[in-house]
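Please consult the sequence and structure shown here alongside the text.

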Amino acid sequence: MNNNLQKSSVIVPFAETVNQQANKIYNIETAASVSTGNINNTYIFTSENKPSSQISNGALGQSHEYYNLFVIGGEEFTAYKNGYFMVPKDRALTEYMSADIKDEIDSLTPEAIQRVKSFPAIFCSENRQYGKADDDQEAFFGFITEISVQDNGIKIHYLSMYPVHQDLLNERRDEFNIAGTNYFTELNRTHWCVKRNNLYETLNDVGIAV
């Protein structure tokens with residue numbers, strides 16, 4: 001279903017540079033922990049998996065007011081992947097979100113889709129335990145690149161970027177505006193919702209620079 005994005009020393013048709021700033025940066029492969037600094041990462045992709053030009057020109061994920069949260073049972077997300085997955089219609093923009101933004105976007109008109117694509121995203125599989133993820137379970141920061149409304153569900157095309165320990169989302173759920181208790185959170189349930197939350201600021205506050 002999904003095509004892997006690859007770092008490659010042989011095929012170099014496209015490079016994407018991402019600037020990262022934070023008091024402490026954890027997700028840099030060549031520097032596991034950097035006290036302070038401004039780091040540019042260049043990611044190399046194959047031509048078949050070139051990310052949308054919308055990312056380079058800033059059309060995706062620029063919102064600092066809302067973010068998309070996807071929890072998809074049975075889907076295994078990985079870093080630097082350009083692919084798609086399906087969301088059941090009865091779990092798409094129907095729960096765990098405020099009425100004002102729901103009313104604005106749940107029609108998924110072309111205008112609403114453009115609005116949704118302006119929100120950054122967190123992509124998760126369902127928690128493997130009640131209210132808790134396994135130690136090796138990762139969620140990923142990324143972007144929606146396209147949305148298609150089909151008879152069998154909502155098809156979400158995406159680009160995943162940086163890993164986020166999924167249990168961090170469970171443990172710091174109030175900061176991410178994620179509903180739940182110690183025994184069950186919304187990360188235990190397949191759905192797609194939109195959260196009123198500055199995801200960039202929240203990730204930075206918990207030590208993850210994007």
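A residue is called buried under 20% relative accessible area, exposed over 50% and partly exposed in between, with a 1.4 Å probe and protein chains only. Helices (H or I, at least four residues) and strands (E, at least two) are DSSP runs, numbered from the N terminus. The model is predicted: local features need pLDDT of at least 70, side-chain atom pairs count only at pLDDT 80 or more, and totals for chains, interfaces and linings use all residues. Residues are numbered from 1 along each chain as its sequence is written, and side-chain values use heavy atoms, with hydrogens and water left out.

Strand 5, residues 81–87, is mostly covered, since 5 of its 7 residues are buried. Strand 5 runs antiparallel to strand 8 (residues 153–165), and 7 bridges join them; two strands pair if DSSP finds at least two bridges between them. Within strand 8, Lys155 is the bridge partner of Met86. In a regular strand the side chains alternate between the two faces of the sheet.

The loop between strand 5 and helix 2 holds Leu93. Leu93 is not a glycine, yet its phi is positive, at about 60 degrees. Leu93 is buried, with a relative accessible area of 2%.

Tyr96 lies in the loop between strand 5 and helix 2 (99–105). Its phi is near 60 degrees, a positive value in a residue other than glycine. Tyr96 counts as partly exposed because its relative accessible area is 31%.

## A nonpolar surface patch

Tyr96, Tyr130, Tyr183 and Phe184 make a nonpolar surface patch of about 520 Å². Patches consist of residues with over 30% relative accessible area and no salt bridge; like charges are joined within 9 Å, and nonpolar side chains (Val, Leu, Ile, Met, Phe, Trp, Tyr) within 5 Å. A salt bridge is a side-chain nitrogen of Lys or Arg within 4 Å of a carboxyl oxygen of Asp or Glu. Accessible areas come from the Shrake-Rupley method with a 1.4 Å probe; for residues, only the protein chains shown count as cover.

## Thr202 in helix 6

Helix 6 (residues 199–205) contains Thr202. At a relative accessible area of 8%, Thr202 is buried. Apart from neighbours within four places in sequence, Thr202 is in contact (heavy atoms within 4.5 Å) with Glu175, Phe176 and Asn197.

## The protein overall

The protein has 6 helices and 9 strands. Of its 210 residues, 52% count as buried.
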